[in-house]
Structures are given as structure tokens and as C-alpha cells.
Amino acid sequence: MDALADVSRPGYFAAQNGELLLSYGWLAMSQSNRYLRHVSLSNRKLWAWDVLSFPSEQLITVFADRAGSNGLNLDFGRLIRGSQSRDITPVVRWLLEKEGAHLLHRATRIVCDLSKDTYFP
């Protein structure tokens, strides 16, 4: 499952034509059968690595909870790229000022890479 996570990450990605595409990545595998669901739920590193895959307070919370005590990878570039179709100001404010602020203390890596060719599936 770790190898799959390196290749196929969940979230929104910009296609070369500028269109925004949704990829479920390793999450899709976790929905295929009970065994793979168990494997994905018990692999807390997967959840910790992809915390900001979707611009949603609820999903960020689910990913952080499933990450357990693992340090979180907070990739703001992915969050920003994945929200081209909506205003993410409330999500960012939630992360920086409100209930989500505790996640910053759990971060072992904070990234904001906005280069054009970074997030193609």
C-alpha cells in the first residue's frame, strides 16, 4: 500500500489542459474489498501524508484522525490547486485560526509548492 500511495495520491489535480480532475488514488483501492480497507485504515502513514488532499474541513479532520499520532504532511500547494473551483479562504482560516489550528502543531512537514507541473496524476 505504501508503494501505491507514492504513485497514486488522492485529491484534485490540474490536467495539462487546465481542467481540474479528481483522483481517489489509493482511497479507491481501500474501497475494493474488506482486506484492502483494513490495510488502508491501519496504515496511518497514508492518512498523515495526504491530510490536505481535499479542501474540506470534514475530510481534513477524518484524514488527521485516521493518521493517529503520526506527524502530518501539510501540503498547502495541493490544497490550493485542488480548490480552483471554490473559495478556500474558510478552510485556510479554519486551519490557521480556528479548530483546525491544532493540526499545525502535529505537522512534521509543511509545503507550499505551486509550480505548474507538480500535481499531474
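Which side chain makes a polar contact with the side chain of arginine 9? Aspartate 50 does, at 2.8 Å. The points below concern a predicted model.

1. Arginine 9 sits in the loop that runs between helix 1 (2-7) and strand 1 (11-14). Its relative accessibility is 18%, and because the limit for a buried residue is under 20%, arginine 9 counts as buried. Besides the contact with aspartate 50, the arginine 9 side chain reaches the backbone oxygen of tryptophan 49 at 3.4 Å. With neighbours within four places in sequence left aside, the residues in contact with arginine 9 are Ser23, Gly25, Trp26, Trp49, Asp50, Asn73 and Arg78.

2. Serine 23. This residue belongs to strand 2 (residues 20-23). Serine 23 has a relative accessibility of 19% and so counts as buried, the limit being under 20%. Its side chain reaches the backbone nitrogen of glycine 25 at 3.2 Å. Not counting residues up to four places away in sequence, serine 23 touches Arg9, Pro10, Gly11, Phe13 and Phe54.

3. Serine 30. Helix 2 holds serine 30. The residue is buried, at 2% relative accessibility. Its side chain is joined to that of glutamine 31 by a polar contact of 3.4 Å.

4. Aromatic pairs. The model has four aromatic pairs. In one of them, the ring centres of tryptophan 26 and tryptophan 47 are 4.8 Å apart and the ring planes stand at 90 degrees, so this pair is edge-to-face. Tryptophan 26 lies in helix 2 (residues 26-30) and tryptophan 47 in helix 4 (residues 44-49), so the pair ties together parts that are 21 residues apart in sequence. Both tryptophan 26 and tryptophan 47 are buried.

5. A further pair at tryptophan 47. The rings of tryptophan 47 and phenylalanine 63 have centres 4.9 Å apart and planes at 70 degrees; this pair is edge-to-face because the angle is over 60 degrees. The pair links distant parts of the chain, as tryptophan 47 is in helix 4 and phenylalanine 63 is in helix 5 (residues 57-66), 16 residues apart. Relative accessible area is 2% for tryptophan 47 and 3% for phenylalanine 63, and each residue is buried.

6. Ring pairs join Trp26, Trp47, Phe54 and Phe63 into a cluster. Phe54 of this cluster is also among the residues that serine 23 touches, and Trp26 is among those in contact with arginine 9. Which residue lies over the face of tryptophan 47? Arginine 66 does, at 4.9 Å from the ring centre.

7. Helix 5 against helix 7. The axes of helix 5 and helix 7 (residues 89-97) come within 10 Å and cross at roughly 40 degrees. Helix 5 and helix 7 are therefore oblique to each other. On the helix 5 side the contact is made by Glu57, Ile60 and Thr61; on the helix 7 side, by Pro90, Val91, Trp94 and Leu95.

Note on methods
Residues are numbered from 1 along each chain as its sequence is written. This is a predicted model: local features need pLDDT of at least 70, side-chain atom pairs count only at pLDDT 80 or more; totals for chains, interfaces and linings use all residues. Side-chain values use heavy atoms; hydrogens and water are left out. Rings of Phe, Tyr and Trp (its six-membered ring) pair if their centres lie within 6.5 Å; planes under 30 degrees apart count as stacked, over 60 as edge-to-face and the rest as tilted. Helices (H or I, at least four residues) and strands (E, at least two) are DSSP runs, numbered from the N terminus. Buried means under 20% relative accessible area, exposed over 50%, partly exposed in between (1.4 Å probe, protein chains only). A charge sits over a ring if NZ of Lys or CZ of Arg is within 6 Å of the ring centre and within 35 degrees of the ring normal. A polar contact is a pair of N or O atoms within 3.5 Å; within protein, one must be able to donate a hydrogen and the other to accept it, and residues adjacent in sequence count only if both atoms are side-chain atoms. Contact means heavy atoms within 4.5 Å. Axes are lines fitted to C-alpha atoms, for helices over the stretch in contact, and angles run from 0 to 180 degrees between N-to-C directions. Angles under 35 degrees count as roughly parallel, over 145 as roughly antiparallel, 65 to 115 as roughly perpendicular and the rest as oblique.
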